[in-house]
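Welcome, and thanks for taking a look at this two-part report. Please keep the sequence and the model open beside the text as you read.

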Amino acid sequence: MQGITKSFPGVVANDHIDFSVEKGEIHGLLGENGAGKTVLMSILYGLYRPNEGRILVDGREVTIDSPAHAMRLGIGMVHQHFMLVPSLTVLENITLGREPAKNGFLLDRKRMHRDVKEFCDRYRLDVDLAAPIYDLPVGVQQRVEILKALYRGADFLILDEPTAVLTPIEAEELFGAVRALRAEGKTVIFISHKLREVLAICDRITVLKRGRMVDTVATEAATEESLTQMMVGRKIIYEFRKGESAGQKPVLTVRGLKALSDRGISALKGIDLEVLSHEILGLAGVEGNGQTELVETLTGLREAAEGTVTLDGEDITGETPLERIRRGVAHIPEDRYKRGVIPDFSVMENLIMCGQRDRYARNGVALDFREASSCSDQMMRDYQIQAPGKDTPLRNLSGGNQQRVVVAREFSRNPRLVLAAQPTRGLDVGATEYVRGKLAEMRDNGAAVLLISADLDEIWALSDRIAVIYEGRIVAVKPVNETTEQEIGRLMAGGRND
Amino acid sequence: MTEGLAAAAKRALTDARRSIEGAMFQVAAILLAFIVGALVLYVSGYDPVSAYAAMLMGAFGDMFGVGQTLTQATPIIFTSLAFLVSSKAGLFNIGAEGQFLVGAFTSSLVGIYLGGLPWVVHIPLALLAGAIAGGAWGLIAAVLKARFNAHEVITTMMLSYVATYLTGYMVNYPFKAPGWVSQTVRIAPSAELPRILPPTQLSAGILVALALVAFTAYLLQKTILGFELRAIGLNPSAAESAGISINRGIMTAMFLSGAMAGLGGACEILGVHRRFIQGFSPGYGWDGLAVALVGGLDPVGSLLASILFGALRSGGMIMTRSTKVPLDIVIILQGLVIIFVAAPTFIRSLLKRRSK
């Protein structure tokens, strides 16, 4: 790809990018959110047309005008959001649109099965072909996506942030599969913003920054630090100074809290927890052990079946989300698109959410647009939200900037209690560092912070104390300097506290 | 200061451009409907030019035409705003017809039985009764949704039939006027909305409708309630997290929506018919849904689209009288407008191809 330029209203997503990939290599495409990685690859896959530049495949110039065309050229792409039919089986999804026929029109199920099975074995991608998609964990669904691309004859596979949705074990399995693909002579482009993964698996790495290409380097010649420098142009501070612990008092006290999951199964089986002022309590645990339900119960979104929640000494167990917001409970939801933002609202409308009845209300009926407007400007400056303007629909912002909007909204209320669930998921290094810094700042200002994260490094970098949740119970609470990663890891896996 | 002004002006300009671009699409769809309608006329052996000319003259050519057009448009303005408000909160209230009828009937009762009041009290009271009754009718569906998760598309539609037959029963039995027509007696003169453009039937109801257009725009864009309803409509989970009660929002939206339709029914009774006659609505509630979509789910768009539909009706009658083109062409045209507006992907792709 030579001199690729693509602009959208208000942004130049790709600015004269030269990018080349050799046959049979695993090529990492690294950059912060909004650096233009996905756009560049979408151009290659025929989803966008570039404004300028040319694409050469095997030395021949091509104009790729649709994904179908890209597939004919042997280019396949696995998106962040899967494109599968949930009610069909794995086999049906893989062969969809390319079903082998018998006598011209009958479905040749036997051959379908045999062909796909052969692919699975060759690339060590093990899946139950008869299972319907909706039954499968994300990691397996991703494998199905890869198989689908291969089945359609892809020699050149683009994986867009493939590990963002995977557990560490699933990610390891994916790496195995990607290496097997290379061994078969396939070419893989691995889009990511996780340095460690890119270093672990790629042969060469190309770094993008703000729509421009910084450099392409061989993996042997790169280190985490050098790549970080290239991505953000500055050093990253991973550790956050722990705040003073003088005058701490309990802000949030949870006693015997029980709640049901959406399916009506007991998800919280008696949680006891205390979060103090001036501290970050890290809640470690494998996902699905009740973290989601705990946060929802604490914010008032889910009803508590038993037990009490106390904030600053007052029982708030039965209070509505609004009453808790007014008491100073801030919430960074784990699923930003579901709970955190309204993509079709403007940046300003997203920033004034939660305060529409209080700070931004005028005489109880109308919105105070002057206040909303000046506060939004202030927040956009203070939290460095990059957007063409506060009236831009939020959906046009990059993921990192959307998260900044959430953080700005929640933190500018000067909360007493911060419930931060996976606050840096899907964010690039710069935005991650920023959000972590803000969490530490909240702590230093005296707030109680409950940090729920699947990322142990994050828990380690920020927490003063670490609690471990396992099957709906808190199995241990340890000060960070009195425990080890091994011990926490063992507790997360259901090991005994000793 | 000047900087702020410049920025505000720029913002207003981009806003205006965006809404013009949106409106362009609507207008293109409508033009296309008329072009296809012309083909239909031509194939059927009529002269499209003279038919359209007669229709245009009939609808807007003189004061009488304008009056009739606006008379026809008035009830649809109400019902389209009713659909619009519910849809902004993510609800599909397709039962405006029922809310319209219940509002109309209730206001006719107030108009008949509270005679003797001065008109400044009687008219507002009858309008208010219609609005509250329509709102209550809408609220039934909201409660069913909040309590039992019953889908409002089903409940509002079924409640429409209940309303049609219930009001039908009322004017055939308990409240039937002497004579063989299924209707109530005439309302008291003190409850009559004045006719403002005689000899047409145009009543002060159009002023109420215009006020409601302004109110709806203000409500949705400038108020806390509008903000919360739009948030619920776009992302209920995020709205809930931001402290907005979804159930309360659903009930408020459905009440408001029903009240708007009910108010429309009241205006139609007090201003045009002066009594409740069975079958007086040719389906204004259903038209409202289509008109709201043709108007791009925007209050002012609703107003303009209502006038278009009103013009089709009033102009269509003149056209039939002067050119022998059957009135059915009006229904075909309405259908075409709806099809072309409701097929946005088709139109957008046509526009895109041209711009490529």
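In H6(B), the residues Glu152(B), Thr155(B), Thr156(B), Leu159(B), Ser160(B), Ala163(B), Thr167(B) and Val171(B) are buried. They cover an arc of only 145° around the axis, so they sit on the same side of H6(B). As background, an α-helix has 3.6 residues a turn, so residues three or four places apart point the same way.

What do the buried residues of H6(B) pack against? Their partners are helix H4 (96-113), helix H5 (119-148) and helix H11 (284-294) of chain B. Please note that this is a predicted model, and the values here are computed from it.

Helix H12 (residues 299-323) of chain B passes the same kind of check: its 25 residues should span 36 Å at 1.5 Å a residue, and its end C-alpha atoms are 35 Å apart, which agrees. H12(B) is mostly covered, with 19 of its 25 residues buried.

Is Asp328(B) buried or exposed? It counts as exposed, because it has 12 C-beta neighbours inside 10 Å. Between Asp328(B) and Gly316(B) there are 12 residues in sequence and 8.8 Å in space, C-alpha to C-alpha.

Chain B has 14 helices and 0 strands. Its radius of gyration is 21 Å, close to the 21 Å that the globule rule gives for 356 residues, so chain B is as compact as a globular protein of that length. Chain A, by contrast, has 17 helices and 24 strands. The radius of gyration of chain A is 24 Å, close to the 23 Å that the globule rule gives for 498 residues, so chain A is as compact as a globular protein of that length.

Some further values for each chain are set out here.

| Property | Chain | Value |
|---|---|---|
| C-alpha box along the principal axes | chain B | roughly 65 × 60 × 45 Å |
| C-alpha span along the principal axes | chain A | about 70 × 50 × 50 Å |
| Residues that count as buried | chain B | 49% of 356 residues |
| Residues that count as buried | chain A | 44% of 498 residues |
| Share of contacts with a separation of 6 or more that join residues 24 or more positions apart | chain B | 79% |
| Share of contacts with a separation of 6 or more that join residues 24 or more positions apart | chain A | 68% |

The domain assignment of chain A gives domain 1 (2-232), domain 2 (238-328 + 415-498) and domain 3 (342-413). The C-alpha centres of domain 1 and domain 2 of chain A lie 36 Å apart.

## Where the chains meet

How many residues of chain B are in contact with chain A? There are 16, and they touch 24 residues of chain A. Helix H8 (224-234) and helix H9 (236-241) of chain B are the elements that give two or more residues to this side of chain B. The largest share, 5 residues, comes from H8(B). By type, the residues on the side of chain B that touches chain A divide into 6 nonpolar, 6 polar and 4 charged.

## Backbone details to look up

Pro198(B) and Pro199(B) are joined by a cis peptide bond, with omega about 10°. Pro199(B) is in the loop between H6 and helix H7 (205-222) of chain B.

In chain A, His278(A) is not a glycine, yet its phi is positive, about 55°. You will find His278(A) in the loop between strand S14 (266-276) and strand S15 (279-284) of chain A. His278(A) is buried, with 22 other C-beta atoms within 10 Å.

Gln384(A), also a residue other than glycine, has a positive phi near 45°. Its place is the loop between helix H13 (369-382) and helix H14 (399-411) of chain A. Gln384(A) counts as exposed, because it has 12 C-beta neighbours inside 10 Å.

Technical notes: Residues numbered from 1 in each chain as written. Chains lettered and ligands numbered in written order. Predicted model: local features only at pLDDT ≥ 70, side-chain atom pairs only at ≥ 80, totals over all residues. Buried ≥ 20, exposed ≤ 12 C-beta atoms within 10 Å, placed from the backbone. Helix = DSSP H or I, 4+ residues; strand = E, 2+ residues; numbered from the N terminus. Arc of directions from axis to C-beta. Contact = placed C-beta atoms within 7 Å. Rg over C-alpha atoms; globule rule 2.2 N^0.38 Å. Nonpolar A, V, L, I, M, F, W, Y, C, P; charged D, E, K, R; others polar. Domains from an automatic or database assignment. Expected span 1.5 Å × (residues − 1).
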